[in-house]
Amino acid sequence: MSAPQKKTAGRSLLVTSAAALSSLALTAPVALAAPSPSPSASPSASPSATPPANMSTVGGSRLGRAGTQVNLASGAPVLPKDITARSWIVTDAESGDVLAAHNAHWRLPPASTMKMLFADTVLPKFAKTEKHKVVPSDLAGMGAGSSLVGIKEGETYTVHDLWLGVFLRSGNDAVRVLSAMNQGVAKTVTEMNEHAEELQALDTHVVSPDGYDAPGQVSSAYDLTLFARSGLQKKDFREYCSTVTAKFPGETKKDKKGKTVRKPFEIQNTNRLLSGDYDISQYQGIAGVKNGNTTNAGATFTGVAERNGRVLLVTVMHPSKEEHNEVYKETAKLFDWGFKAAGKVQPVGELVPPQGAAQSSAQPGDAGEAGGSGDSAGSGASAKPVASATADSGSRGMGTALAITGGLLVLLAGAAFLVNRRWPLPDLVRRRSSRP
């Protein structure tokens, strides 16, 4: 039986059922973290191939154990045997149940998947229409060989442009400019560490906001999944992480006729489960989230996908098999297993809510979404999740991969928390073709 819709400031939030309200749990599990990483750890040395004996038990005691954790009931499919990642986790994004995991709390270099935490921390601070003219100091301090979207000194970009650069091209230059707008890298790193702690992502220590290898910079498959789940509550985050291609402002030049022009160029998302590649197809139902790759971290990836009304999150860190697109191939196999196994396995743990959830109100309401763009769906939207993979971008504003159509909205980043123990993820919308 559906609960009545409540409207605040002309916007609506659909509460799925009275049963959902009765399942509100405001007390977070006790967080037991492993010792803090040593800041003197060398970023150039490969992390040990053996997980530590003692790992965090945030989300459940079994998640702190080394090796694969899964409870296979009768009729449940066996896990794929050719997964070579040092760490991985398969979770139900709505309920927070951990369906299976392998060294879930192993602290490893995260590479550019750290940008999920960067976005979840910084994205709410600036309207997407805000403009910024880049000065030399904005781009200072980037690591050698950084991934770049192609930002030029002296050019002006909108915040929307910069976030497309972060999500599609994993541009460290875009991260640096947004950090400069946020009063600098040091302040941004401090805020990211504080936000990670609030999310109970206690395996994470941020040194560089872009995820570039740095001494002591670590995260875990569990924490990266928390970042993705938190970020996906934000409309703009969902739009950016699901965008396949976009137009990015080029450099201002004079054409052959002497006229000053600034031609855009196309950028494509480097998430190969979203964009596809010669050796891998776009994954059915994929809607983000973020990939990464550095010498120290190897390949890392967190993805979200929907199939038959179920939304899963999968994180894979550092496959040892060195085949092209291996991190995506292993992620796809774990997604396939998760969709077949859902409902046939007993959870081995859970994704915990933020610490602030324990102090929040359990009453449904709507305080708005971060990012300044509002909801893309209201009370008239269907409550049934449907598959999506693509959203166009740029000034045309062609759409998002995820829209709020039902469940309880979780408000993060300093807003009032509205917490359901199941933490529903906003539903997916159908792929739409884009027209100029």
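Guide: Helix 2 is mostly covered, with eight of its eight residues buried; buried denotes under 20% relative accessible area, exposed over 50%, and partly exposed in between (1.4 Å probe, protein chains only). Helices (H or I, at least four residues) and strands (E, at least two) are DSSP runs, numbered from the N terminus. The buried residues of helix 2 are K115, M116, L117, F118, A119, D120, T121 and V122. This is a predicted model, in which local features need pLDDT of at least 70 and side-chain atom pairs count only at pLDDT 80 or more, while totals for chains, interfaces and linings use all residues. Residues are numbered from 1 along each chain as its sequence is written, and side-chain values use heavy atoms, with hydrogens and water left out.

The structure holds nine aromatic pairs. Rings of Phe, Tyr and Trp (its six-membered ring) pair if their centres lie within 6.5 Å; planes under 30 degrees apart count as stacked, over 60 as edge-to-face and the rest as tilted. One of these pairs joins F118 and W163 in a tilted arrangement, 5.4 Å centre to centre with 45° between the planes. F118 belongs to helix 2 (residues 115–122) and W163 to helix 3 (residues 159–169), so the pair ties together parts that are 45 residues apart in sequence. Both F118 and W163 are buried.

F167 and F237 form an edge-to-face pair, at 5.2 Å centre to centre and 80° between the planes. Because F167 lies in helix 3 and F237 in helix 7 (residues 235–242), this pair ties together parts that are 70 residues apart in sequence. F167 and F237 are likewise buried. Together with Y240, the residues F118, W163, F167 and F237 form one aromatic cluster.

A salt bridge is a side-chain nitrogen of Lys or Arg within 4 Å of a carboxyl oxygen of Asp or Glu, and a search of the whole structure finds 15 of them. In one, the side chains of E239 and K128 meet at 3.3 Å, N to O. E239 lies in helix 7 and K128 in the loop between helix 2 and strand 6 (131–133), so the pair ties together parts that are 111 residues apart in sequence. E239 counts as buried at 4% relative accessibility, whereas K128 is partly exposed, with a relative accessible area of 23%.
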